[in-house]
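Me: I would like to go through this model by its side chains. Could we take it one topic at a time?

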Amino acid sequence: TDAQATFYEPGVFEGTETISFDQGAGFGLAGGILREGEYFFGGLEIEWLMHDAYLAEELPSEVFKDANNLKQMNFNLNAVFGATLLRRYLRPYLFGGFGYTEATLDGQYGLANTSRGDESWDSTFGYHVGAGMGLKVYEGFYLDAGYRYYGATDALFGSDAAWIEIPNSGSLVYVGLTYNHLFPPQEKKP
């Protein structure tokens with residue numbers, strides 16, 4: 001919810017300032033391949049995530065005075081490794097990977113959007129690690145919940161004359177639904 005952003009805007013503000021974000025929300029989709037044994041499973045997935053968070057207060061900047069929203073779109077490649085417990089009703093897992101992020105810092109005011117074009121956009125690269133748990137709810141469907149830490153290069157918005165650098169690392173808590181479509185797990189016989 002807080003980040004130590006660095007500002008460079010001669011005559012207005014130069015230095016580091018703590019900026020606060022309201023809680024954000026996001027959406028993600030992933031698809032991949034999974035190899036499952038009797039007690040363990042592993043696989044690879046490609047993941048797409050969208051996330052945005054509103055700034056809790058105005059930035060100390062004339063150039064970005066209208067900016068109030070940080071949006072991120074991530075493309076990740078993940079490796080997943082987990083165990084099958086209680087006749088495959090519980091599936092704890094660990095995962096990690098690397099990815100590419102596109103970030104924008106713009107203004108959202110109802111249906112109106114303010115942007116400084118290329119100065120409001122940056123791309124970053126990073127890594128992430130996490131853990132989760134799947135709970136079987138119906139045949140190939142699992143309720144999935146977990147935690148992820150991601151570390152990425154800082155997002156830099158602006159130009160040579162004035163810029164803002166915002167740390168782009170943090171934590172995510174997620175809840176979702178997983179479906180093993182092509183290769184549903186085989187139920188163990190009692």
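Me: Where is glutamate 119 placed?

Reply: Glutamate 119 is in the loop between strand 7 (112–114) and strand 8. Strands here are DSSP runs (E, at least two residues), and helices are runs of H or I of at least four residues, numbered from the N terminus. This is a predicted model, in which local features need pLDDT of at least 70 and side-chain atom pairs count only at pLDDT 80 or more, while totals for chains, interfaces and linings use all residues. Residues are numbered from 1 along each chain as its sequence is written, and side-chain values use heavy atoms, with hydrogens and water left out.

Me: How does glutamate 119 count by relative accessibility?

Reply: Glutamate 119 counts as partly exposed because its relative accessibility is 22%. The classes are buried (under 20% relative accessible area), exposed (over 50%) and partly exposed in between, with a 1.4 Å probe and protein chains only.

Me: Which residues does glutamate 119 touch?

Reply: Not counting residues up to four places away in sequence, glutamate 119 touches Val63, Phe64, Phe157, Gly158 and Ser159. Contact means heavy atoms within 4.5 Å.

Me: And which residue forms a salt bridge with glutamate 119?

Reply: That is arginine 116, with the closest N and O atoms 3.0 Å apart. A salt bridge requires a side-chain nitrogen of Lys or Arg within 4 Å of a carboxyl oxygen of Asp or Glu. Arginine 116 is partly exposed, with a relative accessible area of 41%.

Me: How many salt bridges are found in the whole structure?

Reply: The search finds six salt bridges. One of them pairs glutamate 36 with arginine 88, the closest N and O atoms being 2.3 Å apart. This pair links distant parts of the chain, 52 residues apart: glutamate 36 is in strand 3 (residues 25–36) and arginine 88 in the loop between strand 5 and strand 6. Arginine 88 counts as buried, at 7% relative accessibility.

Me: What about glutamate 47 and arginine 148?

Reply: Their side chains meet in a salt bridge, at 2.8 Å from N to O. Glutamate 47 belongs to strand 4 and arginine 148 to strand 9, so the pair ties together parts that are 101 residues apart in sequence.

Me: Are those two buried or exposed?

Reply: Glutamate 47 and arginine 148 are both buried.

Me: Changing topic to rings: how many aromatic pairs are there?

Reply: Nine aromatic pairs are found in the whole structure. Among them, tyrosine 100 and phenylalanine 125 form a tilted pair, 5.3 Å centre to centre with 50 degrees between the planes. Tyrosine 100 is in strand 6 and phenylalanine 125 in strand 8, so the pair ties together parts that are 25 residues apart in sequence. Rings of Phe, Tyr and Trp (its six-membered ring) pair if their centres lie within 6.5 Å; planes under 30 degrees apart count as stacked, over 60 as edge-to-face and the rest as tilted.

Me: How exposed is phenylalanine 125?

Reply: Phenylalanine 125 is exposed, with a relative accessible area of 53%, whereas tyrosine 100 counts as partly exposed at 25% relative accessibility.

Me: Which residues do ring pairs link into a cluster?

Reply: The cluster consists of Tyr93, Phe95 and Tyr174.

Me: Which ring does the charged end of arginine 91 sit over?

Reply: The charged end of arginine 91 sits over the ring of phenylalanine 41, 4.2 Å from its centre. Lysine 136 lies over the face of tyrosine 89, at 4.9 Å from the ring centre. The criterion is NZ of Lys or CZ of Arg within 6 Å of the ring centre and within 35 degrees of the ring normal.

Me: Now the surface: which residues make the nonpolar patch?

Reply: Ile46, Leu77, Phe98, Tyr127, Val129, Tyr147, Tyr149 and Val173 make a nonpolar surface patch of about 820 Å². Strand 8 (121–138) and strand 9 (141–152) are the elements that give two or more residues to the patch. Patches are made of residues with over 30% relative accessible area and no salt bridge; nonpolar side chains (Val, Leu, Ile, Met, Phe, Trp, Tyr) are joined within 5 Å, and like charges within 9 Å. Accessible areas come from the Shrake-Rupley method with a 1.4 Å probe, and for residues only the protein chains shown count as cover.

Me: Where is phenylalanine 98 found?

Reply: Phenylalanine 98 is found in strand 6 (residues 90–109), and it counts as exposed at 53% relative accessibility.
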